[in-house]
Structure formats: C-alpha cells, structure tokens
Amino acid sequence: MSTNGTTPPGVVLVTGASGYVGGRLVAALEREGATIRCLTRRPEFMTSRVAPGTEVCAGDVTDRASLDRAFVGVHTAYYLVHSMASGASFDQSDRHAAKTFGEAAHAAGVARVIYLGGLADDQEPLSLHMRSRHEVGALLRAAGLSVVELRASVIIGSGSLSFEIVRALTERLPFMLLPRWVSTPAQPIAITDVVQYLLEARKLPPSEEGIFEIGGADQVSYEDMMRAYAAARGLRVPMFRVPVLTPFLSSLWLGLVTPIYARVGRALIASIMHPSIVRDDRARRTFAIQPMPMADAIRHALVDEDQEIAASRWSDALSSVGEPTQWGGVRFGNRLVDSRQLAATASTADLFNRVQRIGGAQGWYAWNVLWWIRGLLDLLVGGAGMRRGRRHPVELRVGDTLDCWRVERLDAGRLLRLTAEMKLPGRAWLEFEVTPTPTGSTLRQTAIFDPVGVLGQIYWYSLFPLHELVFGGMLRQIVRAAESGEAPSARPPSVPIPPSSSPARPSR
C-alpha cells in the first residue's frame, strides 16, 4: 500500500460543503486541523455549520470570477457538486460546471483535485446520470489537473439518497413488489469509509492519480440491502418479485413513498440498473482502508443518525411561521416532524422557566386528561405510563424522568429535549427551543417520531389530528403563563399520581 500519510500544505477548498458528503468531509477535515475554505452559493446558511476557523466564501462552480477568488492559496480542491436535481438538462449543467471549475483550478495552480463520482463499467451502455458522472471526471483531467477520481458504489448512511430509498421502501410498505432492477449487483460502502477515502486521497504522493473504484466488503443486490435493513430494524416485510414495473413506473412509485422527486428517481433507477461493483483493486492496493461489511454499515447508519438528529436545528428547514408545511408534518428522511412556534413578549428566561416546569404534579399545560389517558394505555401494555412524575418541581437535569419522558438534552435557558419511554411502534422526541427576539422571545416546539414499519406510520397519522389540540394547546399555554406570570395548571384532582417506580427501558 502506497499511502504515505503526508499532509500537503495550503488551503483545502471544498465545493458542495452543504451537501450530504461535503458536510461530513468538512467536519473530518476540521478534526484533522486542515485550513479549509468552503465555496457555497448561500454562505449565510453555512457559517453556523462549520468551526470558527473554517472560511466560508460566496461563489458558484459556474461563476469563473468567484472561483478565481476562491482558489487563492488553494493546494487541494474537492469537487463534490452534482446537478441531478436541477432538471432534465442536468448533464449540461454538470458539463459546464466541470469545465469552468477545471479551467479556474488550472489557472490558479491547484496541485490536486479530488472528485467523488459514481461506480459503473465504462464498457457497458450507461444511463445519462452515470455517463455524466464519468464525464465530469474526464473534463477535470482534460483541464490539465492532477485528479483523484473516487468512483463509489451505493453509499450507506443516514441521509444518503440511495439509503433513504431503501429505508423508505422497507419502512413504509406492508409488502413489496420487486422489479428486476432490485437484483442488480452493487457493493455498498459506508459513508464513514467514503469520507476516509476522501481524506486519504489528499495525502497521496503526486504520482498517484487517476480513477479509484471504491466499494464495501460485500457484493449484494438492492433486495439484499432491503432485507438487511429490515433485519436491523426488526421488521418482517414480505417481498415478491415481479417481471414488470418499468423504471418510469418505479420512479413515480418512489416519488410517492420515498423522500425523492420522481424526476430524480428516474435518473437514479436508470443508474441502479447497471452493476456497481469494484472490478479494479487499485484502491485496495493504494489505500490502507478496510471497508466495513454491509450489515455493519447499516447498523452504524442507524446509530449515527441519532447524533445527527440531535445536532440538527429543525427550524432551519421549516416554515418561518412555525406551522406544519403539510398535513401530517414534515419528513426528514424517515423521521416525521411536527414543529410549530409562537412569539412571546416574555423574556427568554421567563419563557424557558415555564418550559422546564413541565410535567409531574404541575401537568402538561393543556389537555392533561388526554395525557393521563395515554399514560393509562401505556400502563396496560407494560409501559411506564405517567406515574413517575419528576424529581423536582422546578429544576431539571439530563437523565431526569418527566412522567413518560426522560430528559435527553438540556441547554440552560435555551433548549430542552425529551425522549419518550412509553411503548411505541418507533421512537419519539419532544423538543422546546427558546430564542430571543427584539420584542421578547420565540418558543419553538417540535415533536419528532421515528416510525418502525407500517404500524408506526399508522400510529403517527392516526394521532396527528390530536397534535393541534395537545401540542398546539401546550405551546399557547406555556407562552400565556410566561407572559402573565401565572402558575401552570395542575393535573385534574381526580387523576391519581401513584408514587414513582423504577424507570422503564426505552422502547426501541
């Protein structure tokens, strides 16, 4: 293996830093102490997502002037942009962007460009999407640059397009009809391994360039991936093979049951129909990386997504008026989100003080009887119910119980996140976030549900009409209590509050 571990000097430019792979790469480069510059069309969205020492500059890969400014002092540039979601002419957009970027990088004397493309055999007739992916690499090399092109198979990770398709199909359907394309062989690779390849590519000696095919430890089909995902989630989803369901019909179906647009689905399925397996072992001989098996990659994705969800700000992708943007809430991957916000004249301190008094003998501000009924139903199926109360009437600590919830995160004066410990066909969180405004403060309340299978979907949508009553009422009453200074309503006197018992284990 010829990796020498030498880190080159100079600035590292990352394009596509706001994307799925780019965001993870920037975080990894920051951990390595690299000098990073991110090129983005919306720098105001990136600034809060990167470390203080990471530079964010405005620009576009199709704008030569902005590229000339961004390339000043750059030794290595990562090209992680793709135009598939831009419409039918995405290949033309990709072609123009690659030519402009390559010419600007060559003029600036950039020593190396690292490009992440797609894995497929050039000797076969390729889809428009995959031809475009390979053409971009060729155009970057034609500009006279030293290019390391990593051609990756299906990337497994919470948030990757292919993985979210597998997840959605497995989670949301009571059974699946499998068209022929699900039998196409692939070599899925974990996102952590992809990022590691991208990091190590920067340290390759100048003589190492060209195309490197990267994949995971297993050669499997999309059907195998769906079955492995179902096993990891404890789901039983009957699957039946059918000889029809064309790519066009499949794309429409994907647009209905998965979080992708039909036009993206058509391009993606056309590419899925081609095998994406490693035929050239150059990457294995060059990099000291041992990609993990598919089952491990899926387990890592399911564990890592909890940390990603916890680090996210739901308000970044929600309507500024704070109301659900569609009936049933918003989807983030497989997670269902109901988020709403309300402005208050009270200070952030007063508002958060009311938030952290929630639960226990003081109740949940609105519709306590419905909370009690839900707790009773939970007790009947062996859950914790609402009987545990809370440790202290005012103070909270991470790990404290709040009736059927537990405090998962507490940022004093700003944020409270609770995780549900009731029996559920999935996992649930309830989050409150207080932010200051010129006239007082704003309270955002977010309910998050990670459904397991069709039963989880039915559970969420059957209860969603009650969210406006329970969650909407809670939000309004918290703000009202903070503004008026009145104490929150207690539980109804007729509702018994048994003594606390030992915490129940979270339902997984």
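Helices (H or I, at least four residues) and strands (E, at least two) are taken here as DSSP runs, numbered from the N terminus. The model is a predicted one, in which local features need pLDDT of at least 70 and side-chain atom pairs count only at pLDDT 80 or more, while totals for chains, interfaces and linings use all residues. Residues are numbered from 1 along each chain as its sequence is written, and side-chain values use heavy atoms, with hydrogens and water left out.

The protein has 15 helices and 20 strands. Of its 508 residues, 55% are buried, where buried means under 20% relative accessible area, exposed over 50%, and partly exposed in between (1.4 Å probe, protein chains only). Among contacts (heavy atoms within 4.5 Å) between residues at least 6 apart in sequence, 73% join residues at least 24 apart.

The 18 residues of α4 reach 26 Å from the first C-alpha to the last, close to the 26 Å expected at 1.5 Å a residue, the expected span being 1.5 Å times one less than the number of residues. Among the buried residues of α4 are Phe-90, Asp-91, Asp-94, Phe-101 and Gly-102. Just after α4, Gly-109 takes a positive phi of about 75°.

The largest nonpolar core has 38 residues, and those with the most contacts inside it are Trp-364, Trp-405, Phe-432, Leu-443, Met-474 and Ile-478. Such a core is a set of buried Ala, Val, Leu, Ile, Met, Phe, Trp, Tyr and Cys residues joined through side-chain atoms within 4.5 Å. Elements that give two or more residues to this core include β15 (335-344), β20 (440-451) and α15 (453-484), and α15 gives the most, with 10 residues. Apart from this core lies another, of 35 residues, among them Val-21, Ala-28, Leu-150 and Ala-152. In β15, 7 of the 10 residues are buried, so this strand is largely enclosed by the rest of the structure. Strands β15 and β20 pair in the antiparallel sense over 9 bridges, and the bridge partner of Asp-338 in β20 is Ala-447.

The structure holds 0 disulfides, a disulfide being a pair of cysteine sulfur atoms within 2.5 Å. Cys-38 is in no disulfide, and the nearest cysteine sulfur, that of Cys-57, is 8.0 Å away. Cys-38 is buried, with a relative accessible area of 0%, and Cys-57, at 14% relative accessibility, also counts as buried.

Methods. Two strands pair if DSSP finds at least two bridges between them.
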